[in-house]
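Open your viewer and get your selection tool ready.

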Amino acid sequence: MIEDKKILNEKKYNKLVVVLSIIIPVAVAALFGIKIDVELPVFLPPIYASINALTAFVLVLAFMAIQKKKIKLHERLMKFAIVLSVLFLLLYIAYHMTSDSTKFGGEGIAKYLYYFILLTHILLSILVIPFVLITYVRAITNNIEKHKKIAKITFPLWLYVAITGVVVYIMISPYYV
């Protein structure tokens, strides 16, 4: 009976998870094609790179909290990580709608390393969206066993995306004009 209720609760969210998992990357790609002639009052890349770093830190703290069975702290930290990721995304879109993309100027192995990290960062940032949403839904519907199972995949993916966002910024920062 309880298991059936969990499944029904999850199913209510499944359509939203699918819709958001498609709309977010499509919207980001579409917005990249729109340029607004506005000069922002601040240079956003170091800000959203810092948000990525903070997200990585919060994810690690949340992992440590759940390891110590501090469920409420884990829950608050995970919600904060989601808020940080949404804030990152909004600032990232704002920057790319108002600024030209910066070309990486490195050569040799650094160039290949940069593009490998960038490509895996971009692909996994798209892939992690449904994982984060499903993991969150399983937590809020109290389907803890399934939540734990998918969280073991979501956590390293999300952490990789957060960390490589910072690495990409550090590697390209010398080439900002």
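Here is a short tour, one selection at a time.

**Before you start.** This is a predicted model, in which local features need pLDDT of at least 70, side-chain atom pairs count only at pLDDT 80 or more, and totals for chains, interfaces and linings use all residues. Residues are numbered from 1 along each chain as its sequence is written, and side-chain values use heavy atoms, with hydrogens and water left out.

**Stop 1: the whole protein.** Show the cartoon and you will find five helices and zero strands, in the order α-α-α-α-α along the sequence. Helices here are DSSP runs of H or I with at least four residues, strands are E runs of at least two, and both are numbered from the N terminus. The C-alpha trace spans about 60 × 35 × 30 Å along its principal axes. Of the 177 residues, 33% count as buried; buried means under 20% relative accessible area, exposed over 50%, and partly exposed in between (1.4 Å probe, protein chains only).

**Stop 2: the largest pocket.** Select Phe88, Leu89, Tyr92, His121 and Ser125, which are the closest to the centre of the largest pocket among its 47 lining residues. Its volume is about 1200 Å³. A pocket is an open set of points, on a 1 Å grid over the protein atoms alone, where a 1.4 Å probe fits, with protein on both sides within 12 Å along at least five of seven lines; lining residues have an atom within 4 Å of a point. Points are joined across faces, edges and corners, and the volume is the space filled by probe spheres set on them.

Now colour by element: α1 (2-32), α2, α3 (71-98), α4 (108-140) and α5 (144-172) each give two or more residues to this lining. The most come from α4, with 14 residues. Colouring by class gives 37 nonpolar, nine polar and one charged residues, where Ala, Val, Leu, Ile, Met, Phe, Trp, Tyr, Cys and Pro count as nonpolar, Asp, Glu, Lys and Arg as charged, and the others, Gly among them, as polar.

**Stop 3: the second largest pocket.** This one has a volume of about 830 Å³. Select Ile66, His74, His147, Lys148 and Ala151, the closest to its centre of the 26 residues in the lining. Two or more lining residues come from each of α2, α3, α4 and α5, and α5 has the largest share with eight. By class, the lining divides into 15 nonpolar, six polar and five charged residues.

**Stop 4: a nonpolar surface patch.** Helix α2 (residues 44-67) supplies the largest share, four residues. Phe63, in helix α2, is partly exposed at 38% relative accessible area.

Stop 5: Select Lys69, which has a positive phi of about 65°. Lys69 lies in the loop between α2 and α3 and is exposed, at 67% relative accessibility. Then jump to Asn142, in the loop between α4 and α5, where phi is positive and near 60°. Asn142 is partly exposed, with a relative accessible area of 48%.
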